[in-house]
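Trainee: Before we go through this model, could you set each value against its definition as we talk?
Mentor: Gladly; let us look at it together.

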Amino acid sequence: MRFSVIYKLLFLFSFSLFSSQSFALKIDHDAGSIEFDSTPQRVVVLAFSFVDALAIAGVSPVGIADDGDKNRVIKRVRDNIEDWQSVGSRYQPSLEAIAALKPDLIIADSGRHHSIYQDLTRIAPTLMLKSRGVTYQENLLIIEKIALAVDKQSRVEKRLIEHKKRMLDFKNKLSNKGSFQFAVTSEKGMWLHSPYSYAGSVIEELALTSPLPSSNKQVYLQSSFEQLLSLNPDWLFVGQYSDHSVLDKWQKSPLWKMLTISKSQQVVSVSANVWSLASGLLAAEQIAEQLTQAVKK
Amino acid sequence: MTRFQKSLSGGGLLLVILAVYSLLNGAHHLSVNTVVSTLFYAGDQDFIVNHYRLPRLFIAILVGMGLAISGVLTQAIIRNPLASPDLMGISGGAGLAACTVLLTQPDINPAWLPVIALLGGFTAAFLIYWLNSRHQPSPARLALLGIAISAFLSSCINFLLVLYPIEVNSAMIWLTGSLWGRNWDYIWPLLPWLLTLVPFSYYLAWRLDLFALGDETASALGVDTKRLQIMALLSAVALASVSVAVCGTIGFVGLLAPHLARLLVGSQHKLMLPVAALIGALLVLSADTLARNLAPPLELPAGVLTAILGAPYFVFLLHRYKGW
């Protein structure tokens with residue numbers, strides 16, 4: 001009798017060993033690693049760049065931390081996914097709303113959600129990846145990692161090859177057109193996005209120059225009117241977070257006429273959602289498109 | 001029933017109703033049956049009930065009690081109806097210390113937070129004491145000084161947020177006060193402090209009554225006034241600091257709770273302390289429940305909601321006591 005029990009145990013043990021070898025997929029992330037036994041079906045994401053990555057993988061997240069406003073997910077991404085439940089703001093996502101969706105994978109922002117990582121893992125396996133302050137190149141690797149987690153590598157690889165071709169086309173059309181700066185504005189001020197930001201790194205990827213000194217290491221720089229005057233970019237792309245911004249005031253100043261962008265009318269109003277919040281592959285293509293259009297005019 | 005018994009049972013009943021409401025409601029409504037079965041047997045809603053709403057419920061009650069008792073002690077010792085830990089900058093000091101450590105050492109064990117917040121709270125308290133030591137300040141002067149120090153400390157927190165923008169979100173909690181992202185891990189470090197300091201403040205109760213008669217009378221009646229002042233202030237600073245360590249500077253609870261308690265049961269500390277603690281718990285719990293339920297799944301900071309109640313009351317108090 002006793003022997004038979006041992007045999008059974010041995011048999012079970014070897015079986016489990018065998019099966020775990022055939023399924024488990026291990027993915028490293030910013031706060032550890034996750035092993036997957038099966039492909040996640042219900043994904044909740046807490047940053048917009050991950051929504052973009054899922055959209056190109058053809059996976060619709062069940063929940064998004066969209067700040068309670070579905071339009072914050074840019075149209076190109078929205079058109080590629082099904083409807084979702086809001087789980088609150090990106091700053092303080094509602095843990096109970098996430099838990100209520102019964103996800104089997106959560107993708108959180110390692111720059112933002114560090115303090116709730118433990119709670120998130122109690123709800124579901126959680127991938128901590130960079131979204132806030134992510135650059136274009138970093139995000140390409142993250143897209144591949146997400147594709148691996150949702151088991152859509154081949155589809156995403158194909159899309160990435162196409163994407164690189166498109167970006168190369170834009171790059172060839174754009175060569176040598178002066179310095180480009182993207183900034184977001186609100187009533188509180190103006191923030192320049194350096195080459196370490198997403199939009200800045202897309203501009204860099206297209207081989208366009210930044211007016212910022214190369215010694216700068218900051219991602220977002222709050223800028224006064226005087227700083228803008230001294231930088232004097234050839235192109236300024238502005239994403240407004242509110243209807244009125246400091247720019248309205250600056251444009252009335254006599255000094256505004258000193259700026260190159262004022263003489264050449266090269267101030268272009270763009271969507272802050274696309275240029276700053278989205279930080280994804282589809283957003284990068286839209287940014288490149290808008291840059292090319294603006295320069296062509 | 002005496003007024004004390006009435007207030008205590010009425011407040012207790014209200015607290016139970018509020019607690020049940022906060023367990024049932026939020027971004028996802030649960031039925032009574034689900035909540036009860038989850039409490040005993042875990043199951044599907046285990047996270048929402050046992051790891052999310054329940055710890056927040058307990059933290060809200062504990063923190064509310066801590067802030068309220070801290071307010072009672074400071075008002076009694078400073079003999080100033082405007083005194084409260086947050087208006088005097090003690091909460092600000094604790095918040096600044098906790099925030100600094102969290103921004104520079106994000107992986108720190110939450111058990112250290114109360115200790116760090118205590119250091120900050122005591123430093124701020126010492127600063128106020130030192131600035132006031134040269135002359136006996138009038139109540140309004142003390143309040144003004146406290147507000148100036150609070151403003152200075154919160155601008156320090158703002159400065160830190162500019163230096164470390166990536167972790168801005170966990171630090172936002174310190175500016176406004178919120179119970180977001182707080183779980184059981186934050187209760188255990190809070191509990192020993194409250195379990196010792198709350199009974200201790202009750203032990204001080206009759207001495208505080210005598211102290212209200214004036215230094216000389218109190219001394220004549222056998223109270224060591226210097227010692228009492230030090231013990232009560234140390235407890236007040238400690239209670240406020242450990243509360244702030246867990247959920248940031250939830251304002252005005254330390255001011256409102258003692259006043260409301262005095263309205264209900266008079267100023268005898270033996271009666272007033274428990275009632276104030278109950279009111280403090282009610283205030284923070286209702287603020288947190290509202291914060292979760294006003295616009296789900298978006299969360300509002302609980303500190304903003306207590307300020308909506310507290311700030312007008314502060315103005316009313318300033319208006320009422322003439323001749324400062």
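Mentor: The centres of domain 1 of chain A and domain 2 of chain A, taken over C-alpha atoms, are separated by 28 Å. This is a predicted model, in which local features need pLDDT of at least 70 and side-chain atom pairs count only at pLDDT 80 or more, while totals for chains, interfaces and linings use all residues. Residues are numbered from 1 along each chain as its sequence is written, and chains are lettered from A and ligands numbered from 1 in the order in which they are written.

Trainee: What are the bounds of domain 1 and domain 2 in chain A, and where do such bounds come from?
Mentor: Domain 1 covers 24-152 and domain 2 covers 164-296 of chain A; the bounds come from an automatic or database domain assignment.

Trainee: How many residues of domain 1 of chain A are in contact with domain 2 of chain A, and what makes a contact?
Mentor: Two residues are in contact if their C-beta atoms, placed from the backbone, lie within 7 Å, and by that criterion 18 residues of domain 1 of chain A touch 18 residues of domain 2 of chain A. On the domain 1 side, α2 (48-57), α3 (75-78) and α6 (136-149) of chain A are the elements that give two or more residues, with the largest share, 6 residues, coming from α2(A). Helices (H or I, at least four residues) and strands (E, at least two) are DSSP runs, numbered from the N terminus.

Trainee: Why are β5 and β7 of chain A said to stand at the edges of their sheet?
Mentor: The sheet is open, with 5 strands in the order β5-β4-β3-β6-β7 (chain A) and parallel pairing. β5 (85-86) and β7 (126-129) of chain A each have a single partner strand, so one side of each is left without a neighbour in the sheet.

Trainee: How do you know that β6 and β7 of chain A pair?
Mentor: Pairing requires that DSSP finds at least two bridges between two strands, and β6 (residues 105-109) of chain A joins β7(A) in the parallel sense over 4 bridges. Within this part of the sheet, Asp109(A) stands opposite Leu129(A) in β7(A).

Trainee: What is the pairing in the sheet β10-β9-β8-β11-β12 of chain A?
Mentor: That open sheet of 5 strands has mixed pairing. Its edges are β10 (220-223) and β12 (267-270) of chain A, each with a single partner strand, so one side of each lacks a neighbour in the sheet. Strand β11 (residues 235-240) of chain A pairs with β12(A) in the parallel sense over 4 bridges, and Phe237(A) has Val268(A) as its bridge partner in β12(A).

Trainee: Why are α12 and α13 of chain B called oblique to each other?
Mentor: Helix α12 (residues 253-265) and helix α13 (residues 269-293) of chain B pack at about 130°, their axes 8 Å apart. Axes are lines fitted to C-alpha atoms, for helices over the stretch in contact, and angles run from 0 to 180 degrees between N-to-C directions. Angles under 35 degrees count as roughly parallel, over 145 as roughly antiparallel, 65 to 115 as roughly perpendicular and the rest as oblique; α12(B) and α13(B) are therefore oblique to each other.

Trainee: Which classes of residue make up the contact of α12(B) with α13(B)?
Mentor: The contact divides into 15 nonpolar, 1 polar and 1 charged residues, where Ala, Val, Leu, Ile, Met, Phe, Trp, Tyr, Cys and Pro count as nonpolar, Asp, Glu, Lys and Arg as charged, and the others, Gly among them, as polar.
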